[in-house]
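Please view the structure below before reading on.

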Amino acid sequence: MGRYIVKRLLYMAAVFLLLTFLLFCLYQLMPANRAYTDAKAELQQLKNTLSPEERETKMQELLLKYQRLYGTDTDDVMILYLRWWGVYPFYDGKVNGILQGNFGKSYEYNLPVVELIGPFIRNTMIIGAISEIAILGVTIPLGIKCAVKKGSRFDKGTQLVSLIGFSTPNFIIYILFIVLFCSILHWFPVSGMKTPGTSYTGWANVWDVLKHVALPCICLVFASLASITRIARASMIDALSLDCIRTARAKGLTEKVVVYSHAWRNALVPMVAIIVGGFFGIISGGIIMETMFGFKGMGLLFYNSVRQADYDLIMFLEVVYTFIALFSNLVIDLCYGIVDPRVRISK
Amino acid sequence: MKKESVFHKIGRWFMRWFMGPKYEEKMREKEAKEASGQPDDSELIVSPGRQIFQRFLERKFAVFSVFLVLFMFLLVFIIPKTKLMGKYFDAYTEVTQKDMPPTLTLMSVPKELKNNIKQIDSYGSFSVGLSKDGKVYIWGATKMGATGLDVSHIPEEIQNTKIAYIAAGVDHVVVITEDGRLLGWGNNRFAQYAVTDAILENPNLIPVPEEIRDGGIDVSHVKKLAAGYQASALLMDDGTLHVWGNKQTYANLDKFVSRTGMQDVDFTLNYVVALDKKQSSIVTGVKNLYNTVRTEIGGEGKKITQFLNKRKIVSLTATSSSICILLDDGTMGLVGDFPKDVVNVPEFAEGEYVIDVEAGTYHFTCLTNHGHVYSFGGDHYRQAEAPTELSGVSKVFAGAFQNYVIDENGNLLDTWGLKSHVFGTDESGADILQRVIAGGAVTMTVGAIAVIIEILIGVSLGLISGYFGGWVDIVIMRVAEVFGSIPLIPFMLIMSSLLSQVNLSTSERLFMIMVILGILGWPGFARITRAQILVARESEYVTAAQAMGVKEGRIAFKHILPNIISVILVNMTLSFAASMQTETTLSFLGFGVNYPQPSWGNMLSRASNATAAINFPWQWIFTSAILVLTTVCINTIGDTLRDVMDPKSTNDK
């Protein structure tokens, strides 16, 4: 087990390096030239007594200074990438990259990325956790019930609804819910994390935040209901047709035990990827929800940074997303081993 | 005989097409035997393909979905090639038609009015008509956007009074009663017809002139009542001109306040244009505006004095961007700009000259001394395609995009032009139905090509990987894993913002989106193909082929691939719907297909604003309904295919 994890971690690190390198190359294609912008800004602050030639040389000087400061005084992508990681020294001989804790700086917020991102990740995690629990709490019993009563009217109705839900792009579900709950019923506020211009404390604050978080949560739950119910139903049907189930029934076990103990254990195997992946997926999949509700999470931050061309922030968030994706793959594989006794991952 | 259901019938047709009459005969025999209670001892031997097809036909909803998807394909790919789309182009905008709810009655003259028409006028989304006995009628889209204003509520005062003249603006109507009062209804925020204290205080507005404020208009001397975007004008036959309304929409409006000696007046979208006593130029109060005349659209421009050559302008009439002047010898001259989609000025017969010209929003309709009617100018909604056989015409009226011709008794002879906006219009005034059709073509093309790219890469790599195994398998599967773990939406956001830095044409951008979607989506196909191959590789027919000395590559592509094609087909269907969803999501966020090119996603982006979504429900309901319907049908087909192809599910139904 331990060796397997180490092996997987090493492999994950390799893929991670490869992906970040690819992303970094893409990032280099972006037309941002921070050194040039800053040099230009500093030049503008200087007194206007310089002759054009002097200005030109001064500009070159400043440009070089900033390029050296930001480590962009070379065109070699490899060197730039290594500097970004903090393993290749800058012009002044120091190393200053991710390994030293420097993830870059958001120019829009004028803050180091690491300091900025905390509350955003927290918000996304909270809403992700709440809705994931709700999703699993609804979909799995629903899927089991449909599979057990396969072909019944209940099953057919659920099938139809989940087919429609599955085929509807999430943003349409969000639009429908916003129109229904905010504009027609006025149950929830449309956007934000708290009522603007208020400073509640204690329970009033909690209530206010809850009211704002409720609708995004409901939307997220509804958006994923359909697909997960479909998968839960399908894997449960497969599990129920296994030979061991016939044996269990032949033994005279009660239907409850057969379904929830024998079949469910088997159905869980294909579900693991969905359950674990779903949780990590919400972190990166919340972009649409967060932009529509103005919910201050990672998705909105990412969307805004792309809009505002805040490149360091984009790069950092993209790295976080990639890391989460790879990490969830690892967790899924490990979970397979726990859930399915046939999978021996130590091999 | 029992009545057949429609599905049954269609199913039977299909059966005959694909299986031949012999099969149908056999089936009928079988049924007859079953009906007569005899045991059915004849076993029909059907190939797996036929069996799958047969079982597919049993699913009515799936058959229905196939037809619906086919219908959608026809709709989005064939309709634009036919005449039904009008002269659609992506970047079309029209300010006077924006945010119009679904309306079918844009050209429906009320029954009571049909036989005694005196006048019809229209500027924006609705038309007003005046009957010979002085009654006012209104039709078209009368609800004005989010303001809740409904111009179909004609004030009782106006309903009960005999009206002499009417004129329609974009959201207001002004009338002159027989007893000389100026009245109106609709929007009055910009001093369109009534005077309030707020209007008098506002320096940007010109209130209704005092002389005509409380009656006192000599109706017999009224020459023209005209209404523009948010302004109106009244011209008397002694040449006195009164204008009032919003100065901000008509920059030269205040130059016309209490002018005298005018011969004619009209409104383009941004300027008041008039004709003065000299009748030798178009008076705008702005230098060098509207001083080049053409005899035909796209023809060579001449300076107006040169063109006139001592002839005089008799009247002028204006569309949104152009003016048609009529000279005293019956010649027409065109001033200003025309849109791209135009019908050119007709060729007149010898001795035929124009006696009357009316202007819509982009087109002109003219009546000649021979009684012929011609339309020319903007033809976006086929409003400039006048019927050729019309006789007894005494007067033509041009609505915004409509035309009405009446005979001398006021009977409506014919109408042509824009009848309806079935799905309403969007915020730039374009017809949503047309954009749904054009957008469907974009969305479906993106979805289809992305899936094709996915399949090409995924299936061939999966085949190679599964068949050859070893280190090839390891490398390919690791690469697939790398591509599979790229988070889709964040990555697409970055890619499309990168794409927008590069100066790409619309079609290149579209192509790039397809390619990126395809490149990110192939690992799924590769994995499925590989898994299938691993099973197929062990089967007897492969061993047989190997024993016969067939080459490896040939076995993989010629022997194994056809056997796993069904699984690929199912996944292709489901992926097609998924790619369509991804494209719409991206376009909705503003990172996919960009305006003005329509896609089902970017047409919905306005609905992300809750206020807009509730105020203009037709702008997202129809589009999203069609999108959902299409994806539901495609997914149904995929699901059903999977069901009927799965040999395990044969017996349990």
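## Domains of chain B

What distance separates the centres of domain 2 of chain B and domain 3 of chain B, taken over C-alpha atoms? The two centres are 24 Å apart. This value, like the others here, is computed from a predicted model.

Chain B is divided into domain 1 (1-45), domain 2 (103-284), domain 3 (290-390) and domain 4 (433-644).

## Where domain 2 meets domain 3

In chain B, 12 residues of domain 2 are in contact with 17 residues of domain 3. On the domain 2 side, the strands β13 (262-267) and β14 (272-276) of chain B each supply at least two residues. β13(B) gives the most to this side, with 3 residues. By class, the domain 2 side has 5 nonpolar, 5 polar and 2 charged residues.

## Where chain B meets chain A

Between the chains, 30 residues of chain B are in contact with 36 residues of chain A. On the chain B side, two or more residues come from each of α9 (470-484), α10 (488-501), α13 (552-589), α14 (610-615) and α15 (618-645) of chain B. The chain B side divides into 18 nonpolar, 11 polar and 1 charged residues.

## Nonpolar cores

The largest nonpolar core holds 139 residues, and A:Tyr174 and A:Leu317 have the most contacts inside it. Helix α8 (residues 432-468) of chain B provides the largest share of this core, 17 residues. Not counting residues up to four places away in sequence, A:Tyr174 touches A:Cys219, A:Ile288, A:Met289 and A:Met292.

A second, separate core has 99 residues, including B:Val174, B:Phe190, B:Leu327 and B:Val343.

Key: Residues are numbered from 1 along each chain as its sequence is written. Chains are lettered from A and ligands numbered from 1 in the order in which they are written. This is a predicted model: local features need pLDDT of at least 70, side-chain atom pairs count only at pLDDT 80 or more; totals for chains, interfaces and linings use all residues. Domain bounds come from an automatic or database domain assignment. Two residues are in contact if their C-beta atoms, placed from the backbone, lie within 7 Å. Helices (H or I, at least four residues) and strands (E, at least two) are DSSP runs, numbered from the N terminus. Ala, Val, Leu, Ile, Met, Phe, Trp, Tyr, Cys and Pro count as nonpolar, Asp, Glu, Lys and Arg as charged, and the others, Gly among them, as polar. A nonpolar core is a set of buried Ala, Val, Leu, Ile, Met, Phe, Trp, Tyr and Cys residues joined through C-beta atoms within 7 Å. A residue is buried if 20 or more other C-beta atoms lie within 10 Å of its own, exposed if 12 or fewer, and partly exposed in between; C-beta atoms are placed from the backbone.
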